[in-house]
Amino acid sequence: MLLTITTKRYPATDLGYLLHKHPAKVQTVELTAGSAHIFYPEATDQSCTAALLLDIDPVKLVRRGSSGHDFSLEQYVNDRPYVASSFMSAAIAHAYSSAMNGRCKDKPHLVDEAMPFEVTLSVLPVKGGEYLLRQFFEPLGYEVSVQSYILDEQFPEWGQSRYFNVTLRHTLPLKTILSQLYILIPVCDNDKHYFVGGHEIEKLMEKGQGWLDSHPSKELITRRYLRNIGPLAKEALGLIMRDDVLPVEVKEPKEKVRLHDVRLQAVRDLLLELGVSAVADMGCGEGKLLRLLMEKSAFKRILGMDVSYHALEIAQSKLKIDRLPEQQKARIQLIHGSLTYRDKRLSGFDAGVLVEVIEHLDLPRLQALEKVVFEYARPQYVIITTVNAEYNVLYEKLEAGAFRHSDHRFEWTRAEFEEWGNRIAEQFGYIVTYRPLGEVDEVLGGPSQLALFKR
Amino acid sequence: MTRRNNKLSHISIPELSLVLLIGPSGAGKSTFARKFFKPTEIISSDVCRGLISDDENNQNVSADAFELVRFIAAKRLKLGLLTVIDATNVQPESRKHWVQLAREYHVLPVAIILNMPEEVCQERNDLRSDRNFGRHVIPQQISQLKRGLRNLREEGFRQVFELRSPDEVAALETITRSPLYNNKKDEHGPFDIIGDVHGCYDELCNLLETLGYEVDRENATLISSPLTTNADGYTRYRKPVFVGDLVDRGPKSPQVLRLVMHMVNNGLGLCVPGNHDAKLLRYLNGKNVQLRHGLEQTVTQLASETPEFLESVKTFIDGLISHYLLDDGKLVVAHAGLKESMQGRGSGAVREFCLYGETTGETDEFGLPVRYNWALEYGGRAMVVYGHTPVPEAQWLNNTIDIDTGCVFGASLTALRYPERTLVSVPALEQYAVPARPIGYNANSVLSVQQQYDSVLNIEDFLGKCILQTRYSHNITIREENSIAALEVMSRFTINPKWLIYLPPTMSPAETSQEEGLLEHPAEGLQYYREAGVTRVICEEKHMGSRAVVIVCKDEQVAERRFGVTGEGNGVIYTRTGRAFFADKQTEQDFVARINAALISTGFYETFDTDWVCLDAELMPWSAKAQALLRDQYAAVGTAAGRALPEVVSALNQAISNGAPAQVLLEKYMQRLEQTTSYVKAYRQYCWPVESLNDYKLAPFHIMATEGKTWFDKDHEWHMSAIKNLCAGDEQLLLATPYLLVNIGNEESEQAAINWWKQLTAAGGEGMVVKPYTFLSKDDKGLIQPAIKIRGKEYLRIIYGPEYDAAKNLERLRVRKLSGKRSLALREFSLGLEALERFVNKDPLQLVHQCVFGILALESEPVDPRL
């Protein structure tokens, strides 16, 4: 909520000229959700400090946002009035616009002069903590000192907060410092209080000129500044790195993507091999497997079911179902449903496929799923894949005993999966076989595992 | 039977029939239809032509128009409504479709022929400007009509009426509708429905006597029936209702027939036919039937009977109606059961179903046809009582019950008392026959049939918009978008639905107070109830924890038997959205064990004559459940404000000391600092570390249900005192809620409530809840709010934000609308009670789950969460 800028360059009161704000006054500018005050705690020729103080109206903050459907309590009790966030960037742009844009009527020579500045922010929320904070500022040459806080001294077990008192020191033209703060404050916070559209790319290009393209964290800064909106970030990165070769993606996510593709490919190949024509993807998510299935005319009837309506909407648009020709459209159907409820719509398929679905159910609820799939839907074939817990040790970033996904309710070893599969096969009259999926480790097996049940 | 009596003045048709008007163009069908039927009962092909093409005479759209007529007719028949088809219908092939449709919906097809002279038809058409088809059409239609007239019976029409002149039409005064024979909705019981007797005369007499009837055993006649007073206040004689299969296999089939015939013929009892009875009739009628499956015994036993008796048996069985709808349609009795779409209908298929049920077409290892269990899919409102398939124990499944407990096979003869729903059995005196397939085959489970079936609920009732009926309130509509949200939550996050027999309703705050510095004050809560005409309320301290529903069973066997839950312990504690309260199963079970110990030691189970209980409660501390919220939201805001504001204050002080005019700003930010300090203090009140069970507090405030009973008929003082007794069983863990009774209108009493609230909130308490003294309170518009909360000033700081009570903030926050929240509270309240009523009534889980699912769906309605 408070940003101070101090200089000791003689005469320090030149800061007043640079900022276009008289050191003896307290001035106020209006912002969308309140106002900001500018005052000088100290203004001598030896040392001059300008303070920019946010005065956010918490009630107005809520009423503004109440048009949406987000009705959680979060928006009523929140840290926005007390932190430096995109509101602070907006205040900088309003209160210090001339300075940031490099205009100084009375002493134009000051604009490009590098001066020693000390900047403090009270308090700056940083998603990713002190490490990231330093990653953002230190490459630009700032000397960074940080005061961190625990959440509540009465409850030390709650751990550290994400708030910091930050002091930055550097010798730079003021306009550069302001531009960098303008971009990096909301990047630290990783949030924006307003709608982010194409216009934000222009702002980023403008304020980032001369420093962003050489910043080692330019990608992260760009993505965060654009609120992680994929297409926007991609466009902006394209502009920033016009001359660079686009870097290869980070290794971990790529591997993850590949494993999932391997899984889906394996499932499709298996379905083709089995010669089935009607397939129900039970837990189709955003429809990746459905798209693979649509590519093969052998699959005459394809059903995608998921419990998440949102995922189905994405699948609907990704598969462009509305724009498919009649004959293609007739092959595919998406339904909202759940594997813990008996559902007639799942009957009558040659094969039912559950790719990485079961581990998202609490173990006691599996009983219901078993009956839904094997007793009521009862396709001729059932393909179930799930992660192989034994393989987890090969993921360096994964802590021992942790699951690969935060929503996983369990992860099974091969023996556990087979024990379950064998029981199911016995109980419902299927024959089951197992195979690994993905790159197989001799001892630990594949990263994922597949069971094929045949009636 | 074509009726050609001249000048018929009155005809009678079945109340549920598909009436086909048959006659050439100009015969006067539409006029006839309008005279005798309601406009909505008539579907005219001409009208349908008009609807789809703007021209009632457009012959080019005949096929589409016919499709539309058929579509409308099908919808009406599905609902059981008489329907009249107004089209020429002169060709047999066009009539064939209608007979098929009637069969599909098990209604009777009736033909009314308007066989008018050609000149009459021509004359009428000439008068109409819109009908300018050629003059050859009418003669052609008449000739088609005449060719087909003789065969209408063969075509499948059960009744055929023919009118041959305008005079005959004019002479017809009324068409009455007669109820189907199976319609005995006017009979309200009480009934004693008796399972398959199969010639077990002595057992039948024993059973009747156990039920309170007096029987002349020797003469096989009923001397007297017991009297019962129904809920409607009328005292009536009970009536035995037999589900059929009176004969075969057993030792005294003729005596059974004699006794049942005596009852039925004298209106003292009812009987539907069984397959064995039907086969006996075929034998008596001289048909070629095999003397197997016990018929051989009956035939032998009947050999010594008189021809008159045999004749009367023939008449009796022949006169039996396939099934009965009784008690306003709430009860259906049929030998092999009956699915909903066939109830109260008449067709060959219905009769077949009633006698034999459905089979899957497969045969089992004993060479017997595998019966398709229609009851598994039964979702009808009527209770269906049937026999036919011997079972080891009569068990409810989806509001149906098979009461054939295999008396003839040496087990027992069972009666279901209706409306009491109690079962009465007498043992077989001996085993008279050996079943071809062991009774109870496939039934080796600790769970009841219903519970096994309930292990997976059917999604059909939970998709899209649905309307739920509740006994304490109006019908409640669940919108599709809300069902969508609930399905995901139910599938991914909630506990086993078998435990989820209740979810608590949301609670509205009092109207906004205008008192300085306050948003809520008890005066408005008391005023609400005063305006609703309530004279007495109870104020209960509001605990600041998390709402918890607690179900405790005496032991795991009870959990199995009553809830159908295996291997999940003997109880559960869940949140108001149906999620497990404790992530750790062990903690939950330890907690349940402590409550169970208190229930046992305080004699709760005996006092309440139960072996389980469902409590509505608050579980503290708040920090136990709301960890993430506290860390990410409350403590976070506290830290940000607590660290930033002192810096601001110090900067402003420095500026002032250097002469800047920042005094006003300083005051403003000093106030903010103060407010955030209060805010941190407020949330800390409700947090304490939990190291063991002893650090929790559970404050139950309602005893929702126990075996066979809900407790909504008891007032809140009763609940408080019963809970106080329970809490004495574990004072470390259980907390009795302090309360105060208030007489509305008594100033002193009301002031005491206000003072108490001030005292509670000054000490850091959340506030209080005001409830009407009785659990269920209504005013002239229906249910009123079951509870209203009045929260303290400091507590509201953690709801509305640290700075909410600054004058200019408060002024704006006072603009808040409660109607949405209140309507939601009422809907959730009545659904919650309905769920419990259904559960204690042992309704199928599907019906309980509908209500609970509904509450969860309603929870996704957008309502200001600060209320």
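Which strands of chain A does helix 3 (residues 86–95) of chain A lie across? Helix 3 of chain A lies across strand 1 (2–7), strand 2, strand 3 (34–43) and strand 4 (48–56), and runs at about 120° to strand 4 of chain A. Such angles go from 0 to 180 degrees between N-to-C directions, with axes as lines fitted to C-alpha atoms, for helices over the stretch in contact.

This is a predicted model, where local features need pLDDT of at least 70, side-chain atom pairs count only at pLDDT 80 or more, and totals for chains, interfaces and linings use all residues. Residues are numbered from 1 along each chain as its sequence is written, while chains are lettered from A and ligands numbered from 1 in the order in which they are written. Helices (H or I, at least four residues) and strands (E, at least two) are DSSP runs, numbered from the N terminus.

**Confidence and overall build**
- The model scores ipTM 0.81 and pTM 0.76.
- Chain B has a mean pLDDT (the predictor's confidence in each residue, from 0 to 100) of 90, with 97% of its residues at 70 or more.
- You'll find 29 helices and 40 strands in chain B, and its C-alpha atoms fill a box of roughly 115 × 80 × 55 Å along the principal axes.
- Of the 867 residues of chain B, 46% are buried, that is, 20 or more other C-beta atoms, placed from the backbone, lie within 10 Å of the residue's own.

**The sheet in chain A**
- Seven strands of chain A make an open sheet in the order 2-3-4-1-5-7-6, with antiparallel pairing; to pair, two strands need at least two DSSP bridges between them.
- Strand 2 (27–31) and strand 6 (143–150) of chain A are the edges, each pairing on one side only.
- The twist averages 15° from one strand to the next.
- Strand 6 of chain A joins strand 7 (residues 160–172) of chain A through seven antiparallel bridges, and A:Gln147 has A:Asn165 as its bridge partner.

**A buried strand in chain B**
- Seven of the seven residues of strand 6 (residues 108–114) of chain B are buried, so this strand is largely enclosed by the rest of the structure.
- B:Leu108, B:Val110, B:Ile112 and B:Leu114 point one way, and B:Pro109, B:Ala111 and B:Ile113 the other.
- Strand 6 of chain B runs parallel to strand 3 (residues 17–22) of chain B over six bridges, with B:Ser17 opposite B:Leu108.
- Strand 7 (residues 159–163) of chain B also pairs with strand 6 of chain B in the parallel sense, over five bridges, and there B:Ile112 stands opposite B:Phe161.

**Helix 19 of chain B**
- The buried residues of helix 19 (residues 585–601) include B:Glu588, B:Phe591 and B:Arg594.
- These buried residues pack against elements including strand 31 (546–553) and helix 24 (716–727) of chain B, where contact takes C-beta atoms, placed from the backbone, within 7 Å.
- After helix 19 of chain B comes B:Gly603, with a positive phi near 70°.

**Where the chains meet**
- The contact draws 51 residues from chain B and 54 residues from chain A.
- Helix 22 of chain B gives the most to chain B's side, with 18 residues.
- Strand 11 (residues 341–342) of chain A and strand 26 of chain B pair in the parallel sense over two bridges, and A:Tyr341 stands opposite B:Leu457.

Conventions:
Buried ≥ 20, exposed ≤ 12 C-beta atoms within 10 Å, placed from the backbone. Expected span 1.5 Å × (residues − 1). Contact = placed C-beta atoms within 7 Å.
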